[in-house]
Amino acid sequence: LGLIGRVPNDQVVGATALVEVLLLAQIVVALVAPAVGNVPTGSGLEFWIYLVSAALVPPAAVVWALIDRTRWSTVVLGVACLAVAVMVYRMTVIWFVQAG
């Protein structure tokens with residue numbers, strides 16, 4: 001939307017906030033999973049660094065969008081959500097796919 005000139009609106013900021021809520025749910029699941037026997041096959045520290053970093057990206061992008069109400073802040077929101085998607089993919093690889 002930002003590349004076609006749209007400024008951030010409630011739907012775009014709300015979608016980014018939804019990504020943050022889902023990341024907070026992921027944090028809860030990551031805390032509970034080892035307690036019930038689902039441990040990561042890769043580095044737990046690396047997983048948590050990715051998860052905490054991913055949880056910090058959407059709020060930073062929303063703050064940017066609220067301060068700078070141009071089309072580029074809409075692009076920043078989109079890139080932030082894309083970056084979170086890549087980080088979640090990497091967290092999945094760390095948790096499930098590492099060879100023993």
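The paragraphs below go through this structure from the whole chain down to single residues.

This is a predicted model, in which local features need pLDDT of at least 70, side-chain atom pairs count only at pLDDT 80 or more, and totals for chains, interfaces and linings use all residues. Residues are numbered from 1 along each chain as its sequence is written, and side-chain values use heavy atoms, with hydrogens and water left out.

The protein has 3 helices and 0 strands, where helices (H or I, at least four residues) and strands (E, at least two) are DSSP runs numbered from the N terminus. In sequence order the pattern is α-α-α. The C-alpha trace spans about 50 × 20 × 15 Å along its principal axes.

Of the 100 residues, 27% count as buried; buried means under 20% relative accessible area, exposed over 50%, and partly exposed in between, with a 1.4 Å probe and protein chains only. The accessible surface comes to about 6100 Å², computed by the Shrake-Rupley method with a 1.4 Å probe, and for residues only the protein chains shown count as cover. Carbon and sulfur atoms hold 73% of that surface. As for contacts (heavy atoms within 4.5 Å), consider those between residues at least 6 apart in sequence: 81% of them join residues at least 24 apart.

Helix α3 covers residues 71–97, 27 residues in total. From its first C-alpha to its last it reaches 39 Å, close to the 39 Å expected at 1.5 Å a residue; the expected span is 1.5 Å times one less than the number of residues. Among the buried residues of α3 are Leu77, Ala80, Val84, Met87 and Met91. An α-helix has 3.6 residues a turn, so residues three or four places apart point the same way. What do the buried residues of α3 pack against? They pack against α1 and α2, the latter being residues 44–67.

Glycine 14 sits in helix α1, which runs over residues 10–32. Glycine 14 counts as partly exposed because its relative accessibility is 36%. Between glycine 14 and valine 84 there are 70 residues in sequence and 15 Å in space, C-alpha to C-alpha.

Valine 7 belongs to the segment before α1. Valine 7 is partly exposed because its relative accessible area is 43%. Leaving aside residues up to four places away in sequence, valine 7 touches Arg69, Thr70, Arg71 and Thr74. Thr74 is also one of the buried residues of α3. Valine 7 and leucine 45 are 38 residues apart along the chain, and their C-alpha atoms are separated by 38 Å.
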